[in-house]
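Subject: Structure handover

Hello,

Here is the structure for your files. My notes follow below it.

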Amino acid sequence: MCSSPTSSDNPNHHRNILIVGDVGVGKSSLVNLISGRDLATTSSGAKSCTLHSHEYNITLEGVDFALHDTAGQHEAQGNMKKAEYLDAVHQAYALISRLERSGGISLLVFCMKGGRVSISMQQTYNLFVEVFCNRQVPVVIVVTHLEMYECMEQWWSENDKAIKEYGLRSHGHACITTTRGYKNIFSDKYEQSRGIMQKLLLEYSGRVVWKEDRASWVKRVVLHMRSWLSPRRVKQLDGSDLRRKLTKRCGFSIDDAELVAQKMEQSRGMSGDAPGEDRSWFDEKFGNDTSSCVSLPVVSYTTSESR
């Protein structure tokens, strides 16, 4: 059963923030920027398992945050190998279980590098916004690697139309840098970016919190992930072999494994997309347009950049 977002009675409640994006966009550097410490180890660009997540706990203005640095989808639809799929299912189950136990998701931060919108970028956005969060969680887009712009916000002015056309919808955005540069040449923009991100998190994460019953949440996400496999590999995972792999390799409880296996067998031959759910809350927030920054207050991002 899918639950709707609920208002936060306590504005200082523990807030889970999902930070997602392709490899190399600067998610780990973003964590370090926000925290003001070197909490996350920045990657060299090597692939990590899809949906693999690291959690970092910080406090901003008396509010506790858990920042979940989460890897996006690496393989194109239909091309994923069975072992990679099972690894991704394991990571999805672990992440969902952790989020469900800790109260749900308060904000989704979609991190992208300034440049053209790629297919993998769209796949990652759809995976987390449409499927993982069922379009029930506030979304902000953070654009990185903009230190060469005299005014970083200029990138959004130049690319806002293209972002909308590619369907990357959001409640808010930030244009930043996550590097101080050689000999701290970009230190002013770096510090400004930290202030922008901290304000963004505090402003957009305190409104609602969403979670779903774990079994339903896992079932819906795993059913979507099935489309990452070829039809032949899907058939190889049917029956008792799937139940065994879900429990032994992916860490599922016996009940959760049985539920997911039954649903996959029932829907064999159907589309791998997530089933339609009640998305009225998300659509009400966004409206019928794909414009950004609607319904929730807009944070000013040009505090000192235009001076």
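Start with a helix pair: the axes of α2 and helix α6 (residues 214-225) come within 10 Å and cross at roughly 155°. Axes here are lines fitted to C-alpha atoms, for helices over the stretch in contact, with angles from 0 to 180 degrees between N-to-C directions. Because angles over 145 degrees count as roughly antiparallel, α2 is roughly antiparallel to α6. The crossing of α2 past α6 is right-handed (the near helix is turned clockwise from the far one by less than a right angle).

From α2, the contact (heavy atoms within 4.5 Å) uses Tyr85, Ala88, Val89, Ala92, Tyr93, Ile96, Ser97, Leu99 and Glu100. From α6 come Arg214, Trp217, Val218, Val221, Val222 and Met225. By class, that is twelve nonpolar, one polar and two charged residues. Ala, Val, Leu, Ile, Met, Phe, Trp, Tyr, Cys and Pro count as nonpolar, Asp, Glu, Lys and Arg as charged, and the others, Gly among them, as polar.

Some ground rules. This is a predicted model: local features need pLDDT of at least 70, side-chain atom pairs count only at pLDDT 80 or more, and totals for chains, interfaces and linings use all residues. Residues are numbered from 1 along each chain as its sequence is written, and side-chain values use heavy atoms, with hydrogens and water left out.

Overall, the protein has ten helices and eight strands (DSSP runs numbered from the N terminus: helices H or I, at least four residues; strands E, at least two). Of its 307 residues, 53% count as buried (under 20% relative accessible area; exposed is over 50%, partly exposed in between; 1.4 Å probe, protein chains only).

Now the cores. The largest nonpolar core has 56 residues; Leu18, Tyr85, Met112, Phe132 and Phe252 touch the most other members. A nonpolar core is a set of buried Ala, Val, Leu, Ile, Met, Phe, Trp, Tyr and Cys residues joined through side-chain atoms within 4.5 Å. Helix α2 (residues 82-101) gives the most to this core, with nine residues. A second, separate core of 27 residues includes Ala40, Ile58, Ile176 and Leu201.

Last, a loop residue. Thr179 lies between β7 (172-175) and α5 (187-204). Thr179 counts as partly exposed, at 33% relative accessibility. Neighbours within four places in sequence aside, Thr179 contacts Glu147, Phe186 and Tyr190. Glu147 is 32 residues away along the chain, yet the two C-alpha atoms are separated by 7.8 Å.

Best wishes

Technical notes: Angles under 35 degrees count as roughly parallel, over 145 as roughly antiparallel, 65 to 115 as roughly perpendicular and the rest as oblique.
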